[in-house]
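Thanks for coming. I will take a few places in one structure in turn and finish with the chain as a whole.

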Amino acid sequence: MHKSIADCLRTHYAELQGYVSAGMESDKTEEKLFMNANENPYELPGLEGFNRYPEPQPKALAKAYADLYGVRTDQLVMTRGADEAIVTITKLFCEPQKDAVIICPPTFGMYGVNASAMPCGKIEIPLIKQEKTYALDSEAIIAAAKDDSKNVKLIYICTPNNPTANSFDHAAIVNIIKNVEGHAIVILDETYAEFSKQGSLTPRLNEFPNLLILRTLSKSYSMAGMRMGCFLCADTDFVALAKAKALDAYPIPRASVEAALHVMSDEIREHAQANIDILLTERDRVAKELEAMSQIRTVYESDANFILVEMDNPADFIEFAKSRNVILRDFSKGEFTKDCIRISIGTPEQNDIVLGLLKDF
Ligand SMILES: Cc1ncc(COP(=O)(O)O)c(C=O)c1O
């Protein structure tokens, strides 16, 4: 049996007529008199251009993303952050009360939340805990995806993984993608790929018909506030369908487009890369200092801009840090992250504050 991406789509998408916005009917980049979208003709001072709706999928931005990720413009769908990509993908593939997604906890919570919102099934195949890192349970993932009674549509793999911070071997990921072809689609979340020594699988996108990759400007390009992300897929028919049928009318705000184009200029990209380099040096310094602290039991290997640590009295420490105006993420009650907290890497000064708090605690 060979199932293409189109075969995995919820069946009603074949018939569904997507909304045709005024912005889709005419090209806003051309000089024309636009009287078709009930926009206000008057621009307000300092807000020039914002009286007009943005392009639904801005062409200049698509070109910039395509150049950034080394794909073609017809292989990407722009969304408000990777978060909206997850919402859109879940909506496209997961039939409520019937289909299921595979999630490998501990991992990013939005995969499960979106599945529950449909609602569709969540099959949890926990990561295998190793001494200082975590591994995918490839055999169990492949077996579940191939079990037709489980109706698995999507398999989420996050690398580097949030909150554990480690990357998974590309060979292991490719093995899963290949083995589940015809059964399920792998959603590879590369939100933190720019921090990773192992790098990205995006250059290999065209090898895998059942692969979708999530990318974002939020982390490595310091753009969390602008909500800019996308998903990538080699299947251009699917990409066209997703754009036509599954997105909001004007998903990408004008101000975000302008900011994103600026970010992707050579000058700012170099700046962003220099920041990444500093963050990685700092991460290694922080990890080393944490290793030496008696209340820290495990410093998990990190290939990202955050570190997961297992420690004594984690909840008390989180409260102590809060009392000193430092907010950390508490995972200590999680089934798969007992006694763990997650520390985002900041500037050297910010990191020193966190390390100082641990010493005072
Ligand atoms: C693994 C992972 N995926 C996706 C996201 C969402 O990213 P965005 O800001 O692009 O919506 C996050 C945010 O923390 C994340 O950790």
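Asparagine 161 is buried, because its relative accessibility is 1% and the cut-off for buried is under 20%. This is a predicted model, so please hear every number today as computed from that prediction. Asparagine 161 sits in the loop between β6, residues 152–158, and α7, residues 170–180. What do the side chains of asparagine 161 and threonine 107 form? They form a polar contact of 2.6 Å. There is also a side-chain polar contact of 2.9 Å between asparagine 161 and threonine 164. If we set aside residues up to four places away in sequence, asparagine 161 touches Pro106, Thr107, Phe108, Leu127, Asn166, Phe168 and Phe306.

Most peptide bonds are trans. Here, the bond from threonine 159 to proline 160 is cis, with omega near -10 degrees. The bond from asparagine 162 to proline 163 is cis too, with omega near 15 degrees. Proline 160 belongs to the loop between β6 and α7, and proline 163 belongs to the loop between β6 and α7 as well.

Asparagine 162 takes us to the ligand. Which atom of asparagine 162 lies 2.8 Å from an oxygen atom of the ligand? It is a polar side-chain atom. A polar backbone atom of alanine 82 is 2.6 Å from an oxygen atom of the ligand. For aspartate 83, a backbone N or O atom lies 3.0 Å from a ligand oxygen. As for cover, the ligand taken alone exposes 400 Å², and the protein buries 92% of that.

Now the shell as a whole. There are 14 residues around the ligand, and those that come nearest are Ala82, Asp189, Thr216, Ser218 and Arg227. By type, the shell divides into five nonpolar, five polar and four charged residues. Which helix gives the most to this shell? Helix α4, residues 81–93, does, with three residues.

Next, arginine 215, which is in strand β8, residues 211–216. Is arginine 215 buried or exposed? It is buried, since its relative accessible area is 5%. Its side chain makes a polar contact of 2.8 Å with the side chain of threonine 202. Beyond its neighbours within four places in sequence, arginine 215 is in contact with Tyr69, Ala82, Glu190, Ala193, Glu194, Ser200, Thr202, Gly229, Cys230 and Leu232. Among these, Ala82 is also one of the residues that come nearest to the ligand.

Two residues deserve a word on backbone geometry. Most residues other than glycine have a negative phi. Asparagine 38 has a positive phi, near 55 degrees, and aspartate 339 has a positive phi, near 65 degrees. Asparagine 38 is in the loop between α2, residues 22–25, and α3, residues 59–69. Aspartate 339 is in the loop between β12, residues 329–330, and β13, residues 340–344. On accessibility, asparagine 38 is exposed because its relative accessible area is 78%. Aspartate 339, at 16% relative accessibility, counts as buried.

Last, the overall layout. The protein is divided into domain 1, residues 5–21 + 56–264, and domain 2, residues 267–360. How many Å separate the centres of the two domains, taken over C-alpha atoms? The figure is 27 Å. The contact between them takes 29 residues from domain 1 and 23 residues from domain 2.

Two C-alpha separations give a scale for the chain. Aspartate 352 is partly exposed, as its relative accessible area is 41%. Lysine 322, in helix α11, residues 314–323, has its C-alpha atom 37 Å from that of glutamate 267, and these are 55 residues apart along the chain. Lysine 322 is partly exposed as well, with a relative accessible area of 46%.

That is the end of my list.

Terms used: Residues numbered from 1 in each chain as written. Predicted model: local features only at pLDDT ≥ 70, side-chain atom pairs only at ≥ 80, totals over all residues. Heavy atoms only, no water. Near = heavy atom within 4 Å. Polar contact = N/O pair within 3.5 Å; in protein donor to acceptor, adjacent residues only side chain to side chain. Areas by Shrake-Rupley, 256 points an atom, 1.4 Å probe, with all protein chains shown as cover. Helix = DSSP H or I, 4+ residues; strand = E, 2+ residues; numbered from the N terminus. Nonpolar A, V, L, I, M, F, W, Y, C, P; charged D, E, K, R; others polar. Buried < 20%, exposed > 50% of the residue type's maximum accessible area, 1.4 Å probe, protein only. Contact = heavy atoms within 4.5 Å. Domains from an automatic or database assignment.
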